[in-house]
Amino acid sequence: MDSTDLLTRAVGVLAFGLSIAGFCVISERGTKLLFALSSMAWGLQYYLLGVHTGFLIMLLTGVRQGVTIYSNVMGRRLRLMLVLGFGSVAIAIAVLTWQGWLASSLPLFATLLGTWALFMMGNVGMRKATLVTNALWAVHGYLFDSWELCLTMIVITVANLYGLYRLRGATVVP
């Protein structure tokens, strides 16, 4: 294993940890902040792996997730405009970095659904939509040598289900 492979795996492990932490907290704001940080780390790993659409979509996702921290104080119209804006940028990224159907469409579909969920749904709805996006990212990670991402999607699905269980009776401050 050369130093680039070691760095790629180390970044994947960091992203794994941030992702798991995001689903273990019950604060919506804390979840979104940890998601933003993990997306930036996943973007770096995709860059190291040479997966251009995944790299740029993950960076966009990190920015989007950071913005959604404040979505609870945004009006519906502004949130809808942000969904359209982030969605348009995601489509442009996929078109400009097209690397084939699976390499580019899986991240695109995952980010479009994730964008809608993060801006337009509450914590519970967002977590439920994430079950679908996790499946898309798990397949993408498997196909493009990010075993850490694939494993993360499996583990955070379990953590997400645990978080949903905890939210059933909790009073949560955003």
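Predicted model: local features only at pLDDT ≥ 70, side-chain atom pairs only at ≥ 80, totals over all residues.
Residues are numbered from 1 along each chain as its sequence is written, and side-chain values use heavy atoms, with hydrogens and water left out.

Helices are DSSP runs of H or I with at least four residues, numbered from the N terminus. Helix H2 (residues 28-49) has 22 residues and spans 31 Å from its first C-alpha to its last, close to the expected 32 Å; the expected span is 1.5 Å times one less than the number of residues. Just after H2, Gly50 adopts a positive phi of about 80°. H7, with 21 residues, reaches 30 Å between its first and last C-alpha atoms, close to the 30 Å expected.

Most residues other than glycine have a negative phi. Asp145, although not a glycine, has a positive phi of about 65°. Asp145 sits in the loop between helix H6 (123-143) and helix H7 (147-167). With 46% relative accessibility, Asp145 is partly exposed, on a scale where buried means under 20% relative accessible area, exposed over 50% and partly exposed in between (1.4 Å probe, protein chains only).

Helix packing comes next. The axes of helix H3 (residues 52-68) and helix H5 (residues 101-120) come within 10 Å and cross at roughly 5°, so H3 is roughly parallel to H5. Axes here are lines fitted to C-alpha atoms, for helices over the stretch in contact, with angles from 0 to 180 degrees between N-to-C directions; roughly parallel denotes angles under 35 degrees. Residues in this contact (heavy atoms within 4.5 Å) include Ile57, Thr61 and Arg64 of H3 and Pro107, Thr111 and Phe119 of H5. The residues of the contact of H3 with H5 divide into six nonpolar, nine polar and one charged.

The largest nonpolar core has 31 residues, and those with the most contacts inside it are Tyr46, Phe119, Trp137, Leu149 and Met153. Such a core is a set of buried Ala, Val, Leu, Ile, Met, Phe, Trp, Tyr and Cys residues joined through side-chain atoms within 4.5 Å. Helix H1 (3-24), H2, H3, helix H4 (76-96), H5, H6 and H7 each supply at least two residues of this core. Beyond its neighbours within four places in sequence, Phe119 touches a set of residues including Val67, Met74, Leu82 and Phe86.

In H2 lies Ser39, buried at 5% relative accessibility; leaving aside neighbours within four places in sequence, Ser39 is in contact with Met58, Thr61, Gly62 and Gln65. Arg127 belongs to H6 and is buried, at 0% relative accessibility.

The C-alpha atoms of Tyr165 and Val124 are separated by 9.9 Å, and the two residues are 41 residues apart along the chain.

Terms used. Parallel < 35°, antiparallel > 145°, perpendicular 65-115°, else oblique. Nonpolar A, V, L, I, M, F, W, Y, C, P; charged D, E, K, R; others polar.
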